[in-house]
Structures are given as C-alpha cells and as structure tokens.
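Please have the sequence and the 3D view open while reading.

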Amino acid sequence: MPRSAPAEIHLTEQEEAVLRGWTRKSSGEQRLVERARIILLSHEGIGVEKIAERLHTRPARLSKWRQRFMRQG
C-alpha cells in the first residue's frame, strides 16, 4: 500500500528565523540543530527521503520530528 504524502510544514517568519538562528549557533546542542534542520528543509518542500539522505538519518526519525512539530510547534 503506498504511503500518503507527508503533511506540508508551513512556518511563520518568526518560526523560520528562530530555527535558522539555532542552526547557526556554534554552541548549539546538536540534537536541537538537527531537529531545526529537519523542519526547515521540510518547510522548503524537500521530501522525507531526500532530507534523510542529506542529514544521514532514517526517514522514521524525520517523520517523528515532523509530526511533533505539527502537533506542538
């Protein structure tokens, strides 16, 4: 059975600015930076498989963080 397309992530300008700030901090916690990158790349319309390849992680991990962001911001 084919998977349904993942829900699109739309960020406000403020959310995007905060996430981009997190990815630029050299002292940032790596897990937080990775999660910010997942959301930013998703916002840009890049697919789960491509993001997973780019970030060297599993698609399931991406799905988990995308879903959490959609629920909780």
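The model is predicted. The protein chain holds four helices and zero strands, and its elements follow the order α-α-α-α from the N terminus. Values for the whole chain are set out here.

| Property of the protein chain | Value |
|---|---|
| Share of the 73 residues that count as buried | 27% |
| Accessible surface | about 5600 Å² |
| Part of that surface on carbon and sulfur atoms | 49% |
| Part of the contacts with a separation of 6 or more that join residues 24 or more positions apart | 50% |

Helix 2 covers residues 30-43. Its 14 residues reach 20 Å from the first C-alpha to the last, close to the 20 Å expected at 1.5 Å a residue. Just after helix 2, G45 has a positive phi of about 90°.

Which residues of helix 2 are buried? They are V33, E34, A36, I38, I39, L40, L41 and S42. The cover over the buried residues of helix 2 includes helix 1 (13-24), helix 3 (48-55) and helix 4 (59-72).

L32 also lies in helix 2. Is L32 buried or partly exposed? L32 counts as partly exposed because its relative accessibility is 33%, and buried would require under 20%. Together with V18 and W22, L32 makes a nonpolar surface patch of about 230 Å².

Key. Residues numbered from 1 in each chain as written. Predicted model: local features only at pLDDT ≥ 70, side-chain atom pairs only at ≥ 80, totals over all residues. Heavy atoms only, no water. Patch = residues over 30% accessible without salt bridge, like charges linked within 9 Å, V, L, I, M, F, W, Y side chains within 5 Å. Areas by Shrake-Rupley, 256 points an atom, 1.4 Å probe, with all protein chains shown as cover. Salt bridge = Lys/Arg side-chain N within 4 Å of Asp/Glu carboxyl O. Helix = DSSP H or I, 4+ residues; strand = E, 2+ residues; numbered from the N terminus. Buried < 20%, exposed > 50% of the residue type's maximum accessible area, 1.4 Å probe, protein only. Expected span 1.5 Å × (residues − 1). Contact = heavy atoms within 4.5 Å.
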